[in-house]
Each structure stands twice: as C-alpha cells, then as structure tokens.
Amino acid sequence: MRQVTLLGPLDGVDLGAEVAAFGVDGPVALVTAGWEEGERNDADVDRRLGGGSRNLNLYGRRLDVLESDPDYADAERLLRTQLDELRDLYLLRLRHALAGVEVIRRRFAGEERRPGPELDGAIDAVRTLDETHATAIASAYERFYTQNPPHSRPSIDRHREEVADIVAGCAAIAIAGGHVGVLNDCLHLCNLAALVEERPLLAWSSGCMAVTERIVVIDDDDPAGRPDEIYDIGIGVARGMVALPAAMPRLHAHDPDRLALLARRCAPSICVLLDAGDRLELQSGSPADLGMVGVVAEDGQVLRGAHAA
Amino acid sequence: MTPGPARSPRALTRLRSEGRSPEAIDQLLREQRIPLVEGTTCTFLWRGDADWVAIEHRMLELPMPLPLRRLKGTDLWYASVELPRGSRIQYRILVRQGDNTESMDDPLNPRVVGDAIGSQSVLEADGYVTPDWTYPDPAAVSGDLVDLRIPSRALRREAHVTLYIPSRMRRDRRMPLLVVHDGGDFLHYSSMATVLDNLMHRRLMADCVVAFTHPGDRLREYAASAAHSRFLTTELVPQVEGTLHLRGDARGRVLMGASFGGVAALSAAVRAPGFYGALLLESPSLRFTEATPSGTFGETFAPVVRFVNSVRARPKKVTDRMFLTYGAFEPLAVPDRAMVEVLERMCDELRVVEALDGHNWINWRDRLLDGLGWLFPGEAPLIFPA
C-alpha cells in the first residue's frame with residue numbers, strides 16, 4: 001500500500017525523519033518546480049532530506065519543451081488563454097453567487113427562523129458553479145491532450161522517459177511548495193501521477209495541493225479580492241480532501257459563516273488546514289488520522305486534535 | 001473634512017498656559033512635527049509678521065483659502081481642521097503684507113512634493129502611511145524603459161511613447177498591454193516604474209507591458225478628441241502589440257489616465273466599444289452640465305462637457321471592467337461620484353475607491369495597487385512557502 005505523508009510549510013520539520021519513517025532505502029526523487037527559476041537552489045532541502053536526493057528538474061524540463069517545440073508552446077498558450085477566460089467568467093459569476101448567499105444570511109439575521117432551505121438553495125448555486133467550472137477545466141485539458149498527445153511530441157516523450165528513469169532509481173518522491181500553478185503544470189506535463197504509484201510520497205506546502213484532486217485557492221489578502229476558488233485539477237493522488245496549506249494567515253478574514261460555506265462547497269471532501277507543524281498520513285489515498293491537522297467543520301468551526309480526528 | 005473645533009488644540013493650549021514667549025514658540029516648532037497632528041485635529045502653523053495668512057488648497061468643504069488666526073500677543077498664526085484617520089492633503093501658505101501676497105511652501109514643514117505646476121507642502125494625518133511598494137526594492141529587478149517615436153497620422157505629429165518592459169518574460173503567456181496617459185508625469189511624480197517593478201516582483205499584479213504616452217497639446221488631445229482616440233486604437237496599440245507579440249485581444253488591453261487623461265481613456269473606449277477590456281480612471285475630469293449653461297466650465301472643458309453629457313444621455317457598455325478612484329477632498333469628487341451610476345452601465349464590473357486625498361500624483365500613486373491589482377490580478381495567492 002502506497003505511503004503518503006502531507007505536511008504544512010517546513011518550519012523546523014525533520015524531513016530526514018519523515019523519509020526514514022517510510023522504511024525505504026535509497027535516494028529521494030525531489031520536485032521543486034514550484035520554486036520556478038530557483039528550482040535548482042535545493043541544497044538546503046537536499047540536506048534536510050538526508051542528502052543524495054535527485055532533483056527531477058521539472059520546471060527546467062517544461063521550459064525546454066516550450067522552447068524546443070514551438071507548435072506545442074503555441075497550443076499551450078492557447079490553452080492558457082482559454083483557461084484564463086474560463087476562470088474570469090467563473091470568478092465573475094462566483095462573486096454574484098456568493099453575494100446571493102450573503103444576502104440570504106443578512107435577510108434572516110436576527111430572525112427567529114433560520115434560513116434553512118433558502119440558504120441551502122443559495123449554497124447549492126455556488127456548488128453547481130464550482131462543479132461546472134471544475135468540469136470545464138477538465139474538458140479543456142482533455143481537448144488539449146487529445147489534440148496534442150504528449151507521447152507524440154518527441155521532446156515531451158524524452159523528458160517523461162528521463163524522469164521515469166530517475167524515479168525508477170529512487171525509493172521515494174518528495175514534492176516541495178512554491179507556485180502551485182507552475183508546480184501543477186509541471187507535474188502534469190511529466191505525468192508524475194503515473195510514477196508515484198507504489199512509491200512513498202512526501203509533500204509539503206503547496207505540494208500537498210498539487211497532489212489532490214482539486215486545487216482550491218484562498219487568500220484573504222489578495223489585492224484583486226478574488227473569492228475562495230476552484231483553481232485547477234491536481235494529480236489526484238490524495239482523494240477526499242482539499243489541502244489548504246499556510247491556512248491560518250490566508251484565512252484571517254474568514255468568519256465562521258465563510259468557513260462553513262467553504263466546507264459545504266468542498267463537501268464531501270474534507271477541508272484540511274496544513275499549517276507549520278501539521279502532518280497528515282493517507283491510507284489508500286484518503287486522509288487517515290486527522291489528529292495532527294486542522295479541519296473545517298460544516299458549522300464553520302476549525303477543529304484540531306481529537307475533535308478533528 | 002471640517003474646520004476644527006472651537007477649542008484650541010493641545011499643543012497650543014500648552015503654549016498658552018505655559019507662556020507665549022518667543023522661546024516657548026521656538027521650542028514648540030523645534031519639537032513638534034508641523035502641521036501639528038493631534039488625533040484627528042491637524043493644525044497649520046506659520047510664524048512671522050503679516051497682515052493676513054491663509055492656507056491655499058483645493059479641498060472641498062473648507063473655506064478657500066483657509067485663513068489662519070494670530071495667537072494673541074505672538075507672531076504665531078494657526079488654523080485647525082479635522083481630518084479622518086489616514087488622510088493626506090497638499091497645500092501652500094499664502095502670506096499678505098500690504099499689497100503683496102506671496103504663495104509659498106510651508107517653511108515649517110519639510111514634506112514637499114512637486115509636479116509640473118510647482119511644489120506643494122504635504123500634511124499627512126494620523127494613520128497615513130506611504131505604501132512600502134512605492135519605495136525602490138533592491139530585490140525587485142527593474143523593467144526596461146525604452147523610448148519610441150511613432151509617426152502618427154491621427155495626431156499629425158510624431159508621438160513620443162515610453163515603453164516599460166517587465167523583467168520577467170514567461171514563455172507560456174502573452175502579456176497584456178496597459179496604456180498610461182500623461183506617462184512622463186506618472187513616471188516622474190508617481191514613481192510608476194518603481195511601483196510596477198515592485199508589484200510585479202511581489203506578484204501583486206500580473207506582468208504586463210506598459211506604454212506611457214506623452215501628450216502634445218494636452219488640453220486639446222485629451223479633451224475627448226477623436227484624433228487622439230484614433231491614435232490609440234489604430235496606431236499605438238496595434239503597433240506595440242504586434243512588435244512585442246502581446247495578447248492582442250480586448251482582455252489584454254487596458255487604458256489608464258488621471259484627470260484629463262481619464263477623459264481621454266474613457267473617450268477612446270467609447271469610440272471603440274469592445275476594443276479595450278478595462279479602464280483605470282483616476283480623478284477623471286468628467287465635468288457635465290444639467291441645468292447649468294454648457295459654457296460653465298470654460299472653453300477648455302467645452303468638448304469634455306459635450307462628451308460627458310452625451311455619455312450620460314445614452315450610457316452603453318464599452319468595456320468589461322472599470323476601476324474608478326478619486327480623492328474625497330477634491331472638487332472632482334462631486335461629478336465623479338455622480339458618474340458612478342453611469343459608468344456602472346458602461347461595463348460589467350465597476351470598482352470605486354474613494355481616497356482620503358486630493359487631486360494629485362501621490363494620491364494616484366497610492367491607489368495603483370488597488371487599481372492594477374484588480375485589473376491585472378497577480379499570482380501572489382498561488383505562491384506558498386517553499
């Protein structure tokens with residue numbers, strides 16, 4: 001059974017101990033693509049992993065693909081434009097749908113009767129929007145990969161083979177944080193999901209987001225004021241959960257009502273808060289013991305420890 | 001913003017109770033930041049012999065100019081105003097002696113800003129903080145500034161444009177284009193290149209190319225001129241987009257302008273509906289007439305008034321998003337507020353920020369994160385600890 005451990009941001013975490021806990025022997029395949037141009041600046045994390053890690057250089061490989069295959073680069077630019085447009089429209093509609101939830105809440109504030117079916121209806125509208133958007137993203141990717149099969153692009157094929165060879169010689173895979181969008185693109189391009197099978201996986205920070213089914217982004221300090229959004233489709237190694245790393249600073253403006261809404265939007269998946277020091281093991285790809293993470297309950301309370309478990 | 005309470009502020013109260021000697025006044029001026037800022041009460045001071053002293057300003061709701069009173073038995077003049085927390089205003093001191101009235105920077109206040117018209121002293125009320133992204137950041141790599149000369153048939157002159165090319169060029173995206181009116185002033189007086197460097201470095205806005213335009217006959221070209229709109233839409237934008245391989249669609253085109261530049265931006269969008277995806281308007285001079293005669297605002301404003309009146313009569317959608325900001329204390333706050341309802345009908349989304357400031361380049365600089373961060377959403381929310 002595959003072992004997967006998810007961590008919050010690495011504040012004082014003993015990565016060597018985490019790898020040792022897998023009980024495997026051999027180098028660790030390291031993904032630092034979320035660091036973008038700083039991808040190879042990995043000496044510190046290599047040391048913390050116990051040394052000898054093999055950086056898969058996924059960011060550099062992606063740049064090489066875009067450089068060496070102009071047709072693919074053009075097609076991907078078009079895909080990005082389509083995804084940006086989908087996102088713009090989703091966010092536009094989402095703001096209005098969320099305002100609908102807020103209106104119902106205000107309408108019933110101070111009244112004896114709680115807004116049961118009315119609130120459910122407003123939240124269902126948001127959930128429908130989320131689902132529609134996630135489906136639209138998946139369809140856009142599907143069309144893209146149908147029109148541009150990666151195995152028919154020599155440069156992608158070559159990089160995928162090289163990555164597979166490196167991973168074959170490694171005992172575990174570690175995925176670091178950074179830019180979650182860039183990281184996710186790189187994981188998909190090099191088809192890492194297929195390589196993770198049966199190998200222990202350690203991910204932290206936004207690395208945890210990229211290995212889930214859906215990437216949900218929250219940032220109360222966003223100057224653009226974007227609401228909590230379904231951002232992308234992850235590689236789906238971790239199921240039944242939405243990973244929210246560095247959660248507390250990003251959720252500081254969320255009151256229990258907003259947290260409750262977030263929990264209901266993500267249901268049946270669990271909203272898992274992964275702050276510094278938090279740790280979660282998966283069993284068969286799903287969260288096992290929730291005692292060392294925060295969990296957003298449907299009433300908007302953040303549960304920790306025994307309550308979360 | 002209102003004239004201060006009848007009671008004297010604390011520092012002057014102390015001066016009165018502890019003696020009004022020249023030495024006590026010297027000590028007050030040496031030890032205190034002038035103007036005095038005591039909670040929400042701000043007190044202008046001037047010292048010297050004069051027949052009359054006043055504050056020259058362009059602030060709504062205050063007498064213009066605001067006269068100072070002489071503290072009895074001294075050569076110290078004062079006037080207090082109440083300012084909300086976080087306010088910032090610019091002013092000069094008027095001093096009359098006999099027939100001669102002189103306008104000057106406040107000699108007791110080292111905080112001075114300049115623009116093309118001249119210098120002004122600055123009063124920063126309690127709670128005002130200069131945004132940290134307006135200062136040069138050694139970690140932020142500067143974009144390149146490249147001067148272009150574009151022969152313009154529309155303007156019948158050679159147009160001068162300064163292009164800002166960001167330091168980071170991503171291969172998987174084509175960048176959008178922002179066109180900024182009064183480009184030289186925004187670069188010089190609003191430190192806009194530094195602001196762009198910092199906002200893009202911190203991913204608070206998306207990377208974009210910026211075309212800073214330099215007006216010729218500004219009051220004519222920016223006054224809702226068809227020729228200037230044609231220059232933007234058929235000459236400048238296609239040339240820059242083509243040369244730099246930018247996005248080249250409406251969502252990748254934003255026009256920005258302050259004051260008269262805001263009129264130029266709006267009129268170009270009205271003349272090319274759907275061509276620009278967004279507008280960033282800072283204190284736009286959207287003067288209009290209703291019951292008043294059309295010549296109310298003078299000859300310079302006549303074409304602006306005609307344009308704004310026509311837009312108000314039949315507002316229709318011309319762009320997707322608009323960001324409007326103006327200073328709560330500036331005279332244009334009144335027409336700009338009145339235009340909100342009209343602008344809402346001219347786009348899908350309108351965001352309005354009323355700043356506690358006036359009609360000046362520092363106010364427009366301080367609002368850039370709000371405007372650019374919204375119109376060019378950055379990737380900061382996607383960046384997590386490594």
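How many residues of chain B are in contact with chain A, and how many of chain A with chain B? Before I answer, please keep in mind that this is a predicted model, in which local features need pLDDT of at least 70, side-chain atom pairs count only at pLDDT 80 or more, and totals for chains, interfaces and linings use all residues. Residues are numbered from 1 along each chain as its sequence is written, while chains are lettered from A and ligands numbered from 1 in the order in which they are written.

The answer is that 20 residues of chain B touch 27 residues of chain A, where contact means that the C-beta atoms, placed from the backbone, lie within 7 Å. Helix α11 of chain B, residues 368-375, gives the most to chain B's side, with 4 residues; helices here are DSSP runs of H or I with at least four residues, strands are runs of E with at least two, and both are numbered from the N terminus.

Turning to chain A, 7 strands form an open, mixed sheet in the order β3-β2-β4-β5-β1-β10-β11, and two strands count as paired if DSSP finds at least two bridges between them. Because β3 (54-55) and β11 (286-287) of chain A each have a single partner strand, one side of each is left without a neighbour in the sheet. Further in, β1 (residues 4-7) and β10 (residues 279-283) of chain A run antiparallel over 4 bridges, with A:V4 bridged to A:L282.

In chain B, strand β7 pairs antiparallel with β3 (residues 41-47) over 7 bridges, B:T43 being the bridge partner of B:S80.

Key
Two residues are in contact if their C-beta atoms, placed from the backbone, lie within 7 Å.
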